[in-house]
Amino acid sequence: MSALWKKDEANLIPLDQVSRFYQSDQYQSLDAEVKSAFFDGPLEGLDQRTIDRKDLQFMQDTLNSWQQGRSISCAMSGEKGTGLSTLFNQFGAKLKHQQVKHKVVRINKRLSSESDVIFAFGNTLNVLDMATELDKFIEQLLSMPPTVIMVDNTHFMVQRTLHAHEVIDALTAMILGTRGHHLWIVGCEEQAWRRLSYSYQFENLFSHVHTVANFTEAEIKSLLAARFAYCGAKTVNGVSLEQLAKDKSPLSSIVKKSKGCVELALFYCLNQLTHGLEPHSFQVNNPQDIELGAFKKLTQHELFTLAELAAHGQLSIKEHQKIFRTTASQSKRLLEHLRVIGLLDKTDDLHQQDAYVLKLIISAVVVRYLISMNYLY
Amino acid sequence: MENTVLQQFVSLFSYSTLFAMVSTLAITWVALTLIQWALETLVSYQPRYRIQLSQIYPVLRVLLWTAAIFYIVIGILQPPQSIIYASLGSMGLALGLASQDAIKNLVAGVMMAVSPRFKVGDMIQVGNHYGEVISLNLSTTKLKTFEDNQVTVPNGDILKMPISNANSGELNEQVSVELHLPTSIPVAQLKALALAAAKCSHYVYLKKPITATIAPKFERNFYYHLVVKAYVIDVRLEKAMATDVAERIIEALSEEGFLTDTVFENKPSPSA
């Protein structure tokens, strides 16, 4: 009976094909401007490919309160791909314009001890003669001029290991010890944020907690219009770019199918994009759904792995081994299997060799599935 | 008089009424089968609402069968009052004498549907049996134990017995892990390590508190009785979590060099 409403499999994009899309001839044949326009990573603050979001106003309000002398600290969480890093870059550009001293601490590897935390923060904040003891390091931070300190990629502080609390305790001490003097804005992926809050009551540390919502349909339309403008398009499906962001847009089906997930919208656009007959014109066909049948074949252990990946942001084989108490080969086999079926990507990060992350394009879909299956909460 | 009632009773059953009765019963059965299938499909898509969805079917079944029987009697057969009273009287007497236990279980089943003490999906302890409620019928309740046995308990017995419900309609439940440890381990470190090790288990539901209590005990020698209580993410993983947490605590203590000789046992707590 379920076959009655099963989608026609021929019209679905296989999950593993999504991974291979960026190596495919179709993608490679696209112009460099188009590829650049539909780039799905974090963007700089003044980049034309970004749009202004209401979350920037929240950051500005927080800054105003701090400048008026209020002792505040704030946390911002959002699903992977909601653009937290881009928001920080945009706000950084605004602060530069307002001549407010600021620093973005972009954590790029798992921090596993107090000294890791001191080193990561001391390095970015340019602390001279960095202390090795936390109390002295906090004194050094207090001797710095008041600064807006934005911490990005806090998911690297999540770990399900015995001494994980050391890292959180160190950050907590730093924020509490310098609150008021510096304005701390901590950004964290939603699942990592929940994990930190459930395990360490991390949210109690902040006076303001803000959730960055997924993009609304109107925001995605505006964003896609901005991306088309960036690559020099004048019309899409014969419609002007001004009309693209409106209600009866030819991109409506892409916007609906992407369900607030920017990466998915960008992927659907690229996957269905062809040059039009006129110069500077593009044709975008209706998007195909991604085939997600692979989820149903996953074992309990694989689903737990995906859940931990969502909470940790990324996992190396060694970290997976520690969490699940498996051998290195078992962990590698499992993670590689998930990568081959198209759910994970391998990072080429120098610090985290063989680290695996949820495939950005479908990470929101995976997380929603894991929540419905009760592996994430 | 008796002949008249009997004749009136027989006259109620024509081919058309029999057909209507069979059709009503068939439609009810098909409707219930469809509802059961729809609920099972919904559960497969939304396992986190497994318990809430599973409790709908037993209630609907009682309601639909009652409605079907009511419709057959009042809507199809439309017997005169004399027949109804006579039938009820004789049926009641016959059933009461012939099947006291069955009626008792049936009545208990209806009472349990009206005022449930547990739901499908709950982990309950009935007598010596501890397991997940997999079906709630009108006359019996079926449990699936961790030994993979199916235990059928008559509803009449369930009404008489004390029931311990471990999760009361939630997917998570509290599980106790008990370990007997040497008194050479410093208490503060033991407690900290036990809590940290429990937090590391991927089966543990971190949204709810984890506690550890330590009490000195004597049995030939002094030892510490450590009890770690944490919530498991899904009741079906209770044993897996208990084992995982116990192993992690032992490993953590060994890594810190505290453990030389340990006797441990882990026992899931039936109480939430």
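Leaving aside its neighbours within four places in sequence, which residues is A:L183 in contact with? The legends below start there.

**View 1. A:L183 sits in strand β5 (residues 183-189) of chain A.** Helices (H or I, at least four residues) and strands (E, at least two) are DSSP runs, numbered from the N terminus. Beyond its close sequence neighbours (those within four places), A:L183 is in contact with A:L63, A:W66, A:I72, A:V148 and A:I149; two residues are in contact if their C-beta atoms, placed from the backbone, lie within 7 Å. With 25 other C-beta atoms within 10 Å, A:L183 is buried. Here a residue is buried if 20 or more other C-beta atoms lie within 10 Å of its own, exposed if 12 or fewer, and partly exposed in between, with C-beta atoms placed from the backbone. Look also for A:H102: its C-alpha atom is 9.1 Å from that of A:L183, although the two residues are 81 apart along the chain. A word on the model itself: it is predicted, so local features need pLDDT of at least 70 and side-chain atom pairs count only at pLDDT 80 or more, while totals for chains, interfaces and linings use all residues. Residues are numbered from 1 along each chain as its sequence is written, and chains are lettered from A and ligands numbered from 1 in the order in which they are written.

**View 2. Helix α6 (residues 114-124) of chain A has buried residues A:V117, A:I118, A:A120, A:F121 and A:G122.** Their cover includes β3 (102-106), α7 (134-142) and α8 (165-178) of chain A. Just after α6(A), you will find A:N126 with a positive phi of about 55°.

**View 3. Helices α10 (residues 217-230) and α13 (residues 262-271) of chain A cross at roughly 45°, with axes that come within 11 Å.** Axes are lines fitted to C-alpha atoms, for helices over the stretch in contact, and angles run from 0 to 180 degrees between N-to-C directions. α10(A) and α13(A) are therefore oblique to each other; angles under 35 degrees count as roughly parallel, over 145 as roughly antiparallel, 65 to 115 as roughly perpendicular and the rest as oblique. A:I220, A:L223 and A:L224 of α10(A) meet A:V262, A:A265 and A:C269 of α13(A). By class, this contact has six nonpolar, no polar and no charged residues. Ala, Val, Leu, Ile, Met, Phe, Trp, Tyr, Cys and Pro count as nonpolar, Asp, Glu, Lys and Arg as charged, and the others, Gly among them, as polar.

**View 4. The axes of α15(A) and helix α16 (residues 328-340) of chain A come within 9 Å and cross at roughly 110°.** That makes α15(A) and α16(A) roughly perpendicular to each other. On the α15(A) side, the contact is made by A:I317, A:H320, A:Q321 and A:F324, and on the α16(A) side by A:A328, A:S331, A:K332 and A:L335. These residues divide into four nonpolar, three polar and one charged.

**View 5. Chain A meets chain B through 15 residues from chain A and 16 residues from chain B.** On the chain A side, α9 (190-200), α14 (300-312) and α15 (317-324) each supply at least two residues. α9(A) gives the most, with three residues. By class, the side of chain A that touches chain B has seven nonpolar, five polar and three charged residues.
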